[in-house]
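Hi,

Here's the structure I promised to pass on.

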Amino acid sequence: MKKNIVAMLLAGGVGTRLNILARKRAKPAIPFGGIYRIIDFTMSNIANSGIDVVGVLTQYKPLSLMEHLEDGRPWDIFGRTRNVEVLPPKTGEETSDWYRGTSDAVWQNFNFIEEYSPEHILVVSGDHIYNMNYNLLREFHEAQQADATVCLVRVPEEEARHFGIAITAPDGRIADWEEKPSKPRSNLASMGVYIFNREVLAWALARAAKKNGYDFAKDVIPVLLKQKRVCGYEFNGYWRDVGTLDAYWNANMDLLRTGSGLDIENWQVKTNMTDRGEIGDRPSTYFGRFAEVRNSLISRGCMIDGSVENSILSPGVKVGKNTSIRDSIIFHDVTIGGQVEIKRAIIDKDVVIAEGARVGIGESMPNATYPGQLFTGLTLIGKTVRIPATGRIGTNTIIKPGTDLARKKLRDIPPGSTV
Amino acid sequence: MNKTLALVLAAGQVDELLTLTERRPKSAVPVFGIYRAIDFVLSNLMHSGISNVGVLSQFRPYSLLRHVGTGEHWDFIGRTRTLNILPPYRGQKESDWYKGTADAIYQNISFIESHKPDNVLICSADHIYRMDYQPLLQFHADIKAEATACFTKVISKSKRFGYAVIENNNKIIEYVEKPEKPPTNMASMTVYLFKTSLLIDLLKTNAKENSHEFGRDILPKLVKQEMLFGYKFRNPWYYARTIKSYYKAHQALLDRKFDLNAWQIRTNLIERAEKGDRVPARINGEVTNSVISEGCVINGQVANSVLSPGVIVEKGAIVQDSIIFHDSLIQNGAFLKRAIIDKDVLISEHSELGRSGSDVRSKEYAELLEDGFTLVGKGIKIPARTRIEANSVIFSTARDIPEEIPAGSTLK
């Protein structure tokens with residue numbers, strides 16, 4: 001079956017810097033904005049651009065991701081000629097093995113691409129928050145008669161060293177490329193979104209593989225720059241890499257900041273609404289007689305009896321009386337008792353916080369175990385953690401998934417700890 | 001285990017809900033923000049492990065057809081699990097528009113026979129309750145009944161129900177349909193369980209008569225033959241037959257008379273065929289004792305109200321004791337009390353609905369519209385600074401909304 005374009009979605013990211021949020025799920029499967037997962041943004045961009053064949057390259061803890069993607073139905077990429085195919089690594093074939101990098105993952109599945117004989121292949125990452133019409137990219141690519149086009153976005157100078165950086169020529173070509181440079185020569189960062197002509201990509205991947213190169217940014221793009229016409233397409237909209245806890249928290253908070261550019265109402269993001277395989281659908285949220293909610297996003301199935309401000313609540317969160325939640329992100333089915341105080345916390349699914357507990361208190365000192373990951377005063381509570389009544393959890397603290405602080409008789413966790 | 005086929009009556013052409021059923025059957029009226037009335041019976045059937053369902057529809061069925069679809073939202077899909085919509089059909093001698101509840105089922109006898117069930121469970125699509133039908137099936141089998149009807153205790157003995165006198169041995173010794181003075185407080189839930197052969201015999205006999213209703217024609221006959229048994233249901237049960245009862249169900253939800261989470265009601269989540277999914281509710285106002293759906297944006301005050309997805313309440317607007325359907329917009333300075341607002345309505349700046357209440361009943365619908373409700377039909381645009389007094393109804397067909405609408409008015 002012939003298709004003009006096929007999308008290959010890289011969803012294998014380990015997400016180490018997102019710490020316990022990525023402990024049991026791939027980075028693209030981390031919840032975002034209450035009801036979404038990070039991958040929904042890219043999946044919706046693909047669907048809204050009318051692309052209807054998607055290969056999803058998974059490797060790391062793909063179960064929740066595969067459940068979420070289902071058969072592509074939530075994004076309408078479903079039917080006899082429309083297809084979302086999850087492509088995990090496979091053995092038993094000559095060219096197959098664990099994916100050794102991003103370009104290797106695409107190369108090992110090149111037969112999937114060739115089934116559709118597309119003219120163009122769109123390669124995208126599943127872990128960015130943005131809204132983009134890939135048709136405009138394809139039109140640019142065609143108008144430039146490029147062999148490959150790399151999407152670029154301007155980032156703050158001080159952050160440029162974390163990205164692949166392009167130096168563009170006046171004719172739109174990318175003249176030079178630096179991968180995570182210590183002294184960047186520009187602030188045009190690669191978004192990890194590429195479009196290739198099929199023959200060019202086949203040639204470049206085969207060549208990279210022969211030389212044991214397995215990464216688009218390190219091994220494929222630099223070679224293409226020298227031999228083919230590679231152009232840069234500058235994207236001017238909101239774009240965030242949510243690879244760190246701070247970036248993740250900030251991008252969520254952008255949903256609550258007017259003028260942040262994260263305009264979720266107009267982005268038409270779709271998700272899989274049958275979350276958590278519930279027997280029944282969740283009813284709309286009940287706000288009690290003493291509820292006070294300011295500048296917050298509240299999903300369905302919540303019961304709010306306390307006060308919530310600048311926060312994002314996923315479905316099924318219960319907030320007790322005289323409880324105060326500020327500047328926090330709370331995942332599905334967290335139960336919070338009365339008289340609880342929570343500040344700047346990210347709380348994973350199914351956590352239970354008993355009466356009178358306080359989360360995110362005390363001085364802000366970096367986390368002792370992960371000083372590079374948790375230092376801005378956030379507190380991270382892992383899935384199914386239980387916090388006892390009147391427990392005190394300091395800032396920059398990580399409570400690992402499954403920890404029952406009550407049973408461990410831990411009531412007072414000082415700032416910067418990891419439990 | 002005996003095989004049970006369920007038939008859901010969603011056919012009734014009853015306009016007692018005024019503008020709410022102007023373009024949709026009662027079974028498709030939005031309930032509790034995100035559901036439609038029929039979701040409750042379909043979810044009950046799903047949870048009770050009944051695998052084959054027929055839905056009898058006739059009256060303005062489009063929104064119902066779209067909502068129920070193939071039944072997949074209730075898992076009625078697969079090789080042995082089916083849901084069929086059974087509209088009236090023509091071209092055969094015995095087919096025509098359904099002439100009553102019994103006739104609707106009579107016209108689908110071939111559908112029943114094709115399933116070869118031992119029993120047929122007949123339910124209505126306009127009742128709001130959570131019931132496991134398995135204990136009913138067990139009861140029916142244990143007492144070797146061939147016909148069992150379900151009853152629930154009601155406080156206000158409305159004239160709209162059938163009432164039964166049930167003896168200690170569960171036999172019904174008296175049944176009266178819509179009596180002036182009910183003999184008991186046990187009201188029929190219009191949930192019936194029949195042995196298939198008996199049902200088919202009864203329907204074939206009834207077809208020769210002039211009236212074709214289960215409550216009026218078939219149940220009294222069975223009582224006379226001492227063949228009808230009564231099953232008492234003791235959990236909360238609400239219905240959407242009148243504006244008052246519809247509102248009462250919503251009030252019960254806000255009063256937490258039952259735990260809707262525990263009811264595990266399923267619905268068709270793909271409402272209104274949106275291109276993107278609705279964002280979680282964005283709340284930056286005062287919301288108390290209310291149920292708010294996703295996609296709502298609340299910057300004003302909402303109290304004791306139930307809002308469907310996509311309702312916007314602007315800063316300075318006040319919504320009290322009201323029910324608002326999908327995607328209606330309440331602008332700055334507007335005031336709503338005991339209003340029931342259908343989908344896509346615009347209440348412009350500084351308009352007031354039902355502010356002072358009223359003893360004046362609806363002139364046209366005295367029996368149906370009292371108690372201070374104000375109803376606004378789908379897509380109506382109320383201009384700025386309009387005053388609408390209580391017990392008024394504006395149908396979706398109304399043009400030119402005057403500035404002052406006195407109590408008890410009807411606009412069509």
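A definition to start: two strands count as paired if DSSP finds at least two bridges between them, and strands (E, at least two residues) and helices (H or I, at least four) are DSSP runs numbered from the N terminus. In chain A, strand β18 (residues 307-309) and strand β21 (residues 324-326) run parallel and are joined by 3 bridges, with V308(A) standing opposite I325(A).

Before going on, some housekeeping. The model is predicted, with local features needing pLDDT of at least 70 and side-chain atom pairs counting only at pLDDT 80 or more, while totals for chains, interfaces and linings use all residues. Residues are numbered from 1 along each chain as its sequence is written, and chains are lettered from A and ligands numbered from 1 in the order in which they are written.

Back to the sheet: that pair belongs to an open one of 7 strands in chain A, with parallel pairing and the order β15-β18-β21-β24-β27-β30-β32. Its edge strands, β15 (292-294) and β32 (412-413), each pair on one side only.

On domains, the bounds come from an automatic or database assignment, which gives chain A domain 1 (5-254) and domain 2 (284-413). The contact (C-beta atoms, placed from the backbone, within 7 Å) takes 15 residues from domain 1 and 20 residues from domain 2. Helix α8 (residues 245-254) gives the largest share of the domain 1 side, 4 residues.

Between the chains, the contact takes 31 residues from chain A and 29 residues from chain B. On the chain A side, α9 (264-267), β14 (285-287), β15 and β16 (296-298) each supply at least two residues. Strand β14(A) also runs antiparallel to β16 (residues 290-292) of chain B, joined by 3 bridges, and F287(A) stands opposite S290(B) there.

Lastly, the packing in chain B. Helix α1 (residues 38-47) has 10 of its 10 residues buried (20 or more other C-beta atoms within 10 Å of a residue's own; 12 or fewer is exposed, in between partly exposed). These residues pack against β1 (4-10), β4 (52-57) and α2 (62-68) of chain B, among others. After the helix comes G49(B), with a positive phi near 75°.

Leaving out residues up to four places away in sequence, V8(B) touches V41(B), V53(B), V55(B), L56(B), C123(B) and A125(B).

Cheers

How values were computed:
Two residues are in contact if their C-beta atoms, placed from the backbone, lie within 7 Å.
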